[in-house]
Amino acid sequence: MVLASTVSPLCAAICGSKEDDLKCYTHRIDGMKGLDENLIKAEKVNDIEKCEGLCNDQKDCRAFRYLSKNSLCFVYNLQQHIEDDISESQFYVKRCVLCYMNTMKNAKGRDDEIESVWEVSSLKECENNCIKSDDCRAVHFDGKRCFKFTDEVKPHDKTGINFSRKICVQYTD
């Protein structure tokens, strides 16, 4: 099971960027637990989502462990882990993805590769739409419209149009 968090202050703290550009996910690692020396806090909570929320509320949280039998949540400041002898233990680590746009002046994608078109007022708005769209790989902006590409596309020279490719980098400890 992978829990998807909304973009949180945790991601900004880990990745050192604006919250709008980041998405964080928790990834389960079976049969593991965090190290006691990395424990930030332990608290009783109702469910795994509350445990994840407790981690998101801690700026330094990089992992958490949930014991469903007794509803205990353990929050850790590092992702280091060891084998766990409690079968119902659930251990999760944070993974953050930072996406940004790399812009080329006087270039555009091929017209036959355009997926969709948006009416926008600026290149920045065009790029922001791409960042927020999971399937967007690149855009070009003609001064009025944003052309979205969902496949890998190579830019071609064209005066007056700006091409931007989305680059995403995963961050972990």
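These legends walk through close-up views of a predicted model.

**View 1. Helix H3 has a buried side and an exposed side.** H3 runs through residues 123-132, and its buried residues are Leu-123, Cys-126, Glu-127, Cys-130 and Ile-131. Why do they sit on the same side of H3? Because they cover an arc of only 140 degrees around the axis.

**View 2. A disulfide ties Cys-126 to Cys-146.** The two sulfurs are 1.9 Å apart. This pair links distant parts of the chain, with Cys-126 in helix H3 and Cys-146 in strand S12 (residues 145-149), 20 residues apart. Are Cys-126 and Cys-146 buried or exposed? Both of these cysteines are buried. The link is right-handed, with 70 degrees about the S-S bond.

**View 3. Another disulfide joins Cys-130 to Cys-136.** Here the S to S distance is 2.1 Å. Which hand does the link of Cys-130 and Cys-136 have? It's left-handed, with -100 degrees about the S-S bond. Cys-130 has a relative accessible area of 0%, so it counts as buried. Cys-136 is buried too, because its relative accessible area is 1%.

**View 4. Cys-51 and Cys-73 pair up in a disulfide.** Their sulfurs lie 2.1 Å apart. Cys-51 belongs to helix H2 and Cys-73 to strand S6 (residues 72-76); they are 22 residues apart, and the pair links distant parts of the chain. With 80 degrees about the S-S bond, this link is right-handed. Both cysteines are buried. If the term is new to you, a disulfide is a covalent bond between the sulfur atoms of two cysteines. How many disulfides does the structure hold? There are five, among them the one that joins Cys-51 to Cys-73.

**View 5. Arg-62 is a buried loop residue.** Where is Arg-62? You'll find it in the loop between helix H2 (48-57) and strand S5 (63-67). Its relative accessibility is 14%, and buried means under 20%, so Arg-62 counts as buried. A polar atom of the Arg-62 side chain lies 3.3 Å from the backbone oxygen of Lys-59.

Notes
Residues numbered from 1 in each chain as written. Heavy atoms only, no water. Helix = DSSP H or I, 4+ residues; strand = E, 2+ residues; numbered from the N terminus. Buried < 20%, exposed > 50% of the residue type's maximum accessible area, 1.4 Å probe, protein only. Polar contact = N/O pair within 3.5 Å; in protein donor to acceptor, adjacent residues only side chain to side chain. Arc of directions from axis to C-beta. Disulfide = S-S within 2.5 Å.
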